[in-house]
Amino acid sequence: MGSYLSGMVMPNIGAFIAWGIITALFIEDGWLPNADLATMVGPMLTYLLPLLIAYTGGSTVYGQRGAVVGSVATLGVIVGSEVPMFIGAMALGPLGAYCIKKFDDMFKDKIKAGLEMLVNNFSSGIIGFLLAIAAFYGVGPFVTILTQAMGNGVAWIVDAGFLPLANVFIEPAKILFLNNAINHGILTPLGIEQAAEAGKSILFLLEANPGPGLGLLLAYSLFGKGAAKASAPGAILIQFIGGIHEIYFPYVLMKPILFLSVIAGGVAGTLTNVIMNSGLVAAASPGSIIAILALVPKGGYLGVILGVLVAAAVSFLVAMIILKSDKSTDEEALEVKQKEMKEMKAESKGSSVVSSSTNNPSPKLDGVNQVQEVEVKRIIFACDAGMGSSAMGASILRKKVKDAGLDISVTNSAINNLKDEEGLLVITQEELTTRAKQKTPQAVQVSVSNFLNSPKYDEIINNLKKNKE
């Protein structure tokens, strides 16, 4: 459920960041106070952001018709409540889409020829109208009470000084691939509510803080062994600057006792942020130091930077002690744990890896050789959220395509947003290939074990060249 909720928020993070920047700059206490431009803050928070969430959720359930009906229904809950309706949008967007989908399933074979457009337009309008009224009178007040109760609960945890203990659960959950579910499915909606009242929220820093991962990777760079030590410096760049935290997960799984390192770093970082009263104005995604610093409110840089540095230092010290006392060799451990991590990621998403006995997926789902037999017009890297790792994979292959002189579009997308078409090549990580195949049965499917470094990219380029010749 958390993963599904985050799937409604993550595609709209750009809008959240835009709202955060406008807030940080133009409100009365901002960097560049401007009363006229600050008038955008309220409408964006009240209407734009919830409607974007509802539209995305409705589209995921039932395409364009679902998105429209879900948005209309959500407007009812927005107007019928006194707080920003992010939770209401997450409920009404998919619900509206589900209702119109069920209507279409019941009557699609009963509509007379020539009346399709009339029935489609009026059915979506009437269902949206009824849901909006129901949401105004019934859902709005209920969600207002629920939201206020959740906000009061978070405030109590912060006031009681218990918030740092949240990282005892958050850091291991990240490595079990629940990071997006926790951050964007739970913390971001609550953080937006808090930021609307206080101008910032510490909840945006709980999961996104890159300090614990940075400290761990620094320790590996200095005190690790074999492949882990050699690859850790490159991983630091991807994790700390790129914001792709997944890169450090295998390093923890190599030595599970290193969970203590990232937990200690997370607790120390959050404690520092609590003491310094730190917070961000909007969700930082990905969790890059650049994205975090861009969303710090005026006068808040010292606390946020200290939170990252303290988290990194504590994580580094704990990891250093563990690594220096370890007498085992790590020549093959990193590769083994990367494979195990893929299986864990698959399980967290409710699926299984395509092949557990070999590094290669089933031949039916691996179309590297098909590339030279089919005219490929578009290449799409697909992952669960359509951000992060798939974006980096697309960037790598896009450069290879350009260097090879090929005129082929290379983009990235969430699996749920894939559209089936001829001439499409879809590249996914192994645990997601089956889902991609279901969404795009006509496309050529290629599975890779790692978006950042796969030998199949060169095979694809060679086969594309053969196809062109």
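Modeller: Let's start with D105, which forms a salt bridge with K101, the closest N and O atoms being 3.5 Å apart. By salt bridge I mean a side-chain nitrogen of Lys or Arg within 4 Å of a carboxyl oxygen of Asp or Glu. Bear in mind that this is a predicted model, where local features need pLDDT of at least 70 and side-chain atom pairs count only at pLDDT 80 or more, while totals for chains, interfaces and linings use all residues. Residues are numbered from 1 along each chain as its sequence is written, and side-chain values use heavy atoms, with hydrogens and water left out.

D105 and K101 are separated by about one helical turn, because they sit four residues apart in helix α4. Helices here are DSSP runs of H or I with at least four residues, strands are runs of E with at least two, and both are numbered from the N terminus. The general rule is handy: an α-helix has 3.6 residues a turn, so residues three or four places apart point the same way. As for cover, D105 has 35% relative accessibility, so it counts as partly exposed, and K101 is also partly exposed, at 29%. The cut-offs are under 20% relative accessible area for buried, over 50% for exposed and in between for partly exposed, using a 1.4 Å probe and protein chains only.

Another pair of this sort is K399 and D403, whose side chains meet in a salt bridge at 3.1 Å, N to O. Both lie in helix α14, four residues apart, about one turn of the helix. K399 and D403 are each exposed. Helix α14 spans residues 389-403 and also holds A391. A391 is partly exposed, with a relative accessibility of 30%. Its C-alpha atom is separated by 8.1 Å from that of S413, although A391 and S413 are 22 residues apart along the chain.

Then there's the bridge between E421 and R378, at 3.2 Å from N to O. E421 is in the loop between β2 (409-414) and β3 (424-429), and R378 is in strand β1 (residues 378-383), so the pair ties together parts that are 43 residues apart in sequence. E421 is partly exposed at 27% relative accessibility, and R378 is partly exposed at 29%. In total the structure holds seven salt bridges.

Now for the surroundings. The protein's secondary structure comes to 16 helices and four strands, and 49% of its 469 residues are buried. Counting contacts (heavy atoms within 4.5 Å), residues 24 or more positions apart account for 72% of those with a separation of 6 or more.

Leaving aside neighbours within four places in sequence, F86 is in contact with F16, L45, L49, P50, I53, P189, I192 and E193. L217 is one of the buried residues of α7, a helix in which 10 of 13 residues are buried.

N277 has a positive phi of about 55° although it is not a glycine. With 52% relative accessibility, N277 counts as exposed.
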